[in-house]
Amino acid sequence: LVGSEMCIRDRDWDAWTADYGQVRDAIVSLRRLAFAYMGGSTPGRVREVSPLGLLFGRSNYLVAAEGEGGAPRTWRLDRLADVHVLAAAATPPAGFSLAAFVDRSFGIYQDDVEDVRLRIRSHGAEEALGWRFHSTQQATPQPDGSVLVAFRASGMRELAWHLFSWGDKVEILGPQRLKDMMTEQLSLASVSYTHLRAHETEADL
């Protein structure tokens, strides 16, 4: 289990704890798990998985492999319903490591692993040298006082959200998908803020 505080959204507490108990029992007993998954493109579809572990954070996830030979992926715990443990034994992928699975991504969401390159400008250099973006990172001080940070990870959307907190201290050098995602998020934030300010101005008139 990896994690911290649990957050339950829009679920009856007793029902949620019963479902969570089933998930825990399946992990401990190394048995397969069945549930209706209320997320994704086919809400309510029944899934049968081999549970591999739990991740707790802002949202909480089951890590599990669906079917025979399926790749491990994350399932939001608050989107699981009608959870029950099956008699069949779980079959984890050969050599699976929960720690290694988590380490592939900047956050929790898993997608393609990419080469990330960031330039932290001089006024954020000291903070960057003491900050752990990812376990594979290399931080290289530059003659101009900036720091180049490079690592391999998935989870570009969560990384873009995090980089908001660095403000003008950071410049994204790559990959292009991360640049595009940051541009999209900045545009959405700008539109939302401009809309809010327009309403506040109208209210003041």
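Which residues have the most contacts inside the largest nonpolar core? In this predicted model, select Leu 118, Ile 120, Phe 133, Phe 151, Leu 163 and Leu 178, which hold that position in a core of 20 residues. Next, colour the elements that each give two or more residues to this core: strand S6, helix H3 (125-129), strand S8 (147-153), helix H4 (156-164), strand S9 (170-174) and helix H5. In soluble globular proteins, nonpolar side chains tend to be buried together.

Beyond its neighbours within four places in sequence, Phe 133 is in contact with Phe 106, Leu 118, Ile 120, Val 149, Phe 151, His 162, Leu 163 and Trp 166.

Now move to strand S6 (residues 114-120) and select Glu 114. Glu 114 counts as buried because its relative accessibility is 16%, under the 20% limit. Display side chains here: that of Glu 114 makes a polar contact with the side chain of Arg 177, at 2.6 Å. With neighbours within four places in sequence left aside, the residues in contact with Glu 114 are Phe 151, Arg 152, Ala 153, Met 156, Pro 175 and Arg 177.

Finally, turn to the surface and select Trp 161, Phe 164 and Leu 186, which form a nonpolar patch with about 290 Å² of accessible area together. Leu 186 belongs to helix H5 (residues 176-204) and, at 45% relative accessibility, counts as partly exposed.

Definitions and conventions
Residues numbered from 1 in each chain as written. Predicted model: local features only at pLDDT ≥ 70, side-chain atom pairs only at ≥ 80, totals over all residues. Heavy atoms only, no water. Helix = DSSP H or I, 4+ residues; strand = E, 2+ residues; numbered from the N terminus. Buried < 20%, exposed > 50% of the residue type's maximum accessible area, 1.4 Å probe, protein only. Polar contact = N/O pair within 3.5 Å; in protein donor to acceptor, adjacent residues only side chain to side chain. Contact = heavy atoms within 4.5 Å. Patch = residues over 30% accessible without salt bridge, like charges linked within 9 Å, V, L, I, M, F, W, Y side chains within 5 Å. Areas by Shrake-Rupley, 256 points an atom, 1.4 Å probe, with all protein chains shown as cover. Salt bridge = Lys/Arg side-chain N within 4 Å of Asp/Glu carboxyl O. Core = buried A, V, L, I, M, F, W, Y, C linked by side-chain atoms within 4.5 Å.
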